[in-house]
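This briefing describes one protein chain for a reader who has the sequence and the 3D structure at hand. Look at the structure first, then read the points below.

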Amino acid sequence: MASPAAQKRVNIAVSRLIPPVLLGAVVYASYAITKPLCSEYRDLFVSWEVPQNPETNTAFTVDYLIHPLPSHNRDPRVGAGAAILTVYYVLLIPMVVTYLHLYYHVLWNPGYLPLGDKKLQDDANDENEKKPRKSHRRRHRRSARKADPEKTTQSETDVERGLGPVSGGAAASPELDLESFYTKDVFVCQEDGRPLWCSTCCQYKTDRAHHCRELGRCVRKMDHFCPWYELQLFQMTGVSLTGSRVGGVVSETSFKLFIQFVVYTCIYCTFALIVSAYFTAEIRRNTGRANAYWCVCIGLAALFAFFTAGMTLSSVQMGIFNITTIENLNRRTAVWTLAIRVPEYLLDRLWDTQSPWAPTFRMVSYPPETSTAGQPPTTNPSTGERHVFAILHTLPGENPFDLGSPFKNLQQVMGRSIADWLLPIKQSPCADHSSMESHYAFGPVVTRLKQEAGLVPPENGAVSDPPHSGRSHRSKNTH
């Protein structure tokens, strides 16, 4: 198995090689379709016979479809040539636009979670240790202290981390404190009810976030790491806005664009393949020769059409099930642990020692009290604001984010209108985390868990005891 350093070198080579290859393939196909086929046709036939007259090697301009060669004995096909050009560029434009939009989001809006305070401090210490302690460096630091106080330095602003000016190394990431979790109605948690924690980034992880080891960052709803994007930006005004990164991640901010790109690319390559193959066969049948441009175009179009067709099927399948490629690795055995808010009408009964009802699930309450004397933080749900959650578990293979309909699941990625599905303009609805219910929409699995635990408010306003079903006891005894 290749070492991490070797894998990184391979990723560097691939990420720098792929964009020129893609650009070259598109330019070559555009030339092959436009110039020899529909515009001017040059003597580029491949023949086994060596021409005896040198003048036959000189390029001569003859329109193939509009004014065919006399040897072909065919009538002009102006309409066919115009139609092929029109369809070709109608398919080319959305493919290029979606790729550029996708590339932009991978660079500037990849969906990174902010780093924690400890991680930021450790990175700052590592950078300080690597700085050479030379006299001119010291003079530079002294001069920097006298700089304009309104000028922002690199240490104050880190575009890649998505942080603004900070004080004392503290990360400006209030959206990832505990309050951002316990103010929701449902969130993915650990066995003790706390949100998931990344020990590398030293930060809480939102629902469906995954740590990308290639980039060293946690990413919201990360689908997969792709080396097809080179994330190394230029120096701007003498300040490095981002560090060198190899490859990029397809996440909640770019998965819709990724699907659109592979779909449009598959259609584009299929059209180029059909056109090139059809006229190559026609020329071969009439003259016994083949056009070199079109033969190469057939090979490239077939290769990329086959590859993007597989990516299209895989990506659409992930959207239909409302899972990511990473979640799909163990989707048949995965058990999700969820913290589900206990309704207000049950809170008094939970803390009433005289109540005959006892819950069948473990609970956790927020906010936690400040720890004292080196003791871990505890909670006191009987005083102050109470946020009480039941810790429940799904069955193996259940997906709490499945909305119960393939169409509704796809809408979470592609949008709610035909224009959203076709145009790379709006972001996916799943990238909107403004809902107070949860970070991502939950489906019938969570509704069933609430019903089994008795957490669904009664419709008639009467307070009834929660059911003690056998499946609800499982949430208490699991793990």
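The points below go from the whole chain to a sheet, then to helices and single residues.

The model is predicted. The chain has 13 helices and 14 strands. Of its 479 residues, 41% count as buried. Among contacts in the chain with a separation of 6 or more, 73% are between residues 24 or more positions apart.

**The four-stranded sheet**

- Strands of a sheet pair through backbone hydrogen bonds, and the pairing is either parallel or antiparallel.
- Here an open sheet is built from four strands in the order β2-β12-β14-β13, and the pairing is antiparallel.
- The edges are β2 (186–188) and β13 (362–366), each of which pairs on one side only.
- On average, neighbouring strands of this sheet are turned by 30 degrees against each other, direction ignored.
- Helix α12 (residues 444–453) lies across β2, β12 and β14. Its direction is at about 65 degrees to β12.

**Strand β14 and its partners**

- Strand β14 (residues 387–393) pairs with strand β12 (residues 337–341) in the antiparallel sense over five bridges.
- Tyr366 has His387 in β14 as its bridge partner.
- In a regular strand the side chains alternate between the two faces of the sheet.
- On one side of β14 are His387, Phe389, Ile391 and His393, and on the other are Val388, Ala390 and Leu392. All of these residues are buried, and both faces of β14 are covered.
- Because seven of the seven residues of β14 are buried, this strand is largely enclosed by the rest of the structure.

**Helices α7 and α10**

- Two packed helices are described by the angle between their axes and the distance between the axes.
- The axes of α7 (residues 292–321) and α10 (residues 406–414) come within 6 Å and cross at roughly 110 degrees.
- This angle makes α7 roughly perpendicular to α10, because angles of 65 to 115 degrees are classed that way.
- Helix α7 contributes Val316, Gly319, Ile320 and Phe321 to the contact, and α10 contributes Pro406, Asn409 and Leu410.
- By class, the contact of α7 with α10 has five nonpolar residues, two polar residues and no charged residues.

- Most residues other than glycine have a negative phi, and most peptide bonds are trans.
- The peptide bond from Tyr366 to Pro367 is cis, with omega near 0 degrees. Pro367 is in the loop between β13 and β14.
- Lys221 is not a glycine, yet its phi is positive, at about 45 degrees. This residue is in the loop between β6 (217–219) and β7 (224–231).
- Lys221 has a relative accessible area of 6%, so it is buried; the cut-off is under 20%.
- Asn322, another residue other than glycine, has a positive phi near 55 degrees. Asn322 is in the loop between α7 and α8.
- With a relative accessible area of 4%, Asn322 is buried.

**Glu327**

- Glu327 is in helix α8 (residues 325–328).
- A relative accessible area of 11% makes Glu327 buried.
- Leaving aside neighbours within four places in sequence, Glu327 is in contact with Arg208, Asn322 and Trp336.
- The side chains of Glu327 and Arg208 are joined by a polar contact of 2.9 Å.
- Glu327 and Met222 are 105 residues apart in sequence, and their C-alpha atoms are 9.3 Å apart in space.

**His211**

- His211 lies in strand β5 (residues 210–212).
- Its relative accessibility is 19%, so His211 counts as buried.
- Not counting residues up to four places away in sequence, His211 touches Cys198, Thr200, Cys201, Lys205, Gly216, Arg217 and Cys218.

Definitions and conventions: Residues are numbered from 1 along each chain as its sequence is written. This is a predicted model: local features need pLDDT of at least 70, side-chain atom pairs count only at pLDDT 80 or more; totals for chains, interfaces and linings use all residues. Side-chain values use heavy atoms; hydrogens and water are left out. Two strands pair if DSSP finds at least two bridges between them. Helices (H or I, at least four residues) and strands (E, at least two) are DSSP runs, numbered from the N terminus. Axes are lines fitted to C-alpha atoms, for helices over the stretch in contact, and angles run from 0 to 180 degrees between N-to-C directions. Contact means heavy atoms within 4.5 Å. Angles under 35 degrees count as roughly parallel, over 145 as roughly antiparallel, 65 to 115 as roughly perpendicular and the rest as oblique. Ala, Val, Leu, Ile, Met, Phe, Trp, Tyr, Cys and Pro count as nonpolar, Asp, Glu, Lys and Arg as charged, and the others, Gly among them, as polar. Buried means under 20% relative accessible area, exposed over 50%, partly exposed in between (1.4 Å probe, protein chains only). A polar contact is a pair of N or O atoms within 3.5 Å; within protein, one must be able to donate a hydrogen and the other to accept it, and residues adjacent in sequence count only if both atoms are side-chain atoms.
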